[in-house]
Amino acid sequence: MAELDLLGSILSSMERPPAAVDAEARRRAREQAARVKKLQEQEKRQKAEFRKRMEQEVSQFIQATGEPRRRFQPMNKIERSILHDVAEVAGLTSFSFGDDEDSRYVMVFKKEFAPSDEELEAYRRGEEWDPARAEERRRLRELAAQQEEEELERGTALPGPPTDYKDKYRHLIGCEAAKAAARTMEANKAYGCGEGRGQRRPMGVRGG
């Protein structure tokens, strides 16, 4: 009888480990779920704090006089998305620029100062926008088109390959201005007259 009791005790001790393993697995699963929930709550809180900070900065930008646009520091994709949404709610226009994810940033524009395609192209190339230079380039293009039309009307312009822009109009606009106009025309051709990365995002459309 004693031997049977000993055998039963051994068998009972052999059956307990699976239950203990299951309990340990459930405990670890509960701890993992708690950690995930804590991280989610922390991320949610950080997003809310960031959005509140962006709302304050955008509000200051709207109230600031003499500031048609504002460039924000580089942000990650989620932060840029939040800023685009804040700008849209405020009735502003926003764009993302930059080739690398680490350097990509957002610019916000007041609606009365919405950027032109030429201004956007300058930002896409990583250049500062110069309104005076842009106006000079616009004047040169108009002058070139006007002279081309006059030559066609007089019949002096013969079909053929295009001539060098800066050589053709150097006598009218000066050497340096002609070179600038030539570079503008070449850049427009290279960028497809406004097409490419960082295209305009109209209000209602969020961008990266």
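Here's a quick briefing on the fold, confidence, packing and aromatic contacts of this protein.

This is a predicted model, so local features need pLDDT of at least 70, side-chain atom pairs count only at pLDDT 80 or more, and totals for chains, interfaces and linings use all residues. Residues are numbered from 1 along each chain as its sequence is written, and side-chain values use heavy atoms, with hydrogens and water left out. The protein has seven helices and three strands; these are DSSP runs numbered from the N terminus, with helices (H or I) of at least four residues and strands (E) of at least two.

**Confidence**
- The average pLDDT (the predictor's confidence in each residue, from 0 to 100) is 76 for the protein, and 64% of the residues score at least 70.
- Helix α2 (residues 77-89) has the highest confidence, at a mean of 96, while helix α6 (residues 170-173) has the lowest, at 48.
- Over residues 187-206, pLDDT stays under 50, and the model has 39 contacts (heavy atoms within 4.5 Å) for them beyond four places in sequence.

**Overall layout**
- Going along the sequence, the pattern reads α-β-α-β-β-α-α-α-α-α.
- Of the contacts with a separation of 6 or more, 60% come from residues 24 or more positions apart.
- Some 26% of the 208 residues count as buried, meaning under 20% relative accessible area, with exposed over 50% and partly exposed in between (1.4 Å probe, protein chains only).

**Helix α3**
- Helix α3 (residues 117-124) is largely enclosed by the rest of the structure, because six of its eight residues are buried.
- Those buried residues are Glu119, Leu120, Glu121, Ala122, Tyr123 and Arg124.
- Their cover includes the strands β1 (69-71), β2 (93-97) and β3 (105-109).
- After α3 comes glycine 126, which has a positive phi, near 80 degrees.

- Beyond its neighbours within four places in sequence, leucine 83 touches Met54, Val58, Phe72, Met75 and Val106.

**Aromatic rings and charges**
- There are five aromatic pairs in the structure; rings of Phe, Tyr and Trp (its six-membered ring) pair if their centres lie within 6.5 Å, and planes under 30 degrees apart count as stacked, over 60 as edge-to-face and the rest as tilted.
- One of them joins phenylalanine 97 and tyrosine 105 in a tilted arrangement, 6.0 Å centre to centre with 40 degrees between the planes.
- Both phenylalanine 97 and tyrosine 105 are buried.
- Phe95, Phe97, Tyr105, Phe109 and Tyr123 are linked into a cluster by ring pairs.
- Arginine 71 lies over the face of tyrosine 105, at 3.7 Å from the ring centre; a charge sits over a ring if NZ of Lys or CZ of Arg is within 6 Å of the ring centre and within 35 degrees of the ring normal.
- Lysine 110 has its charged end over the ring of phenylalanine 61, 5.1 Å from the centre.
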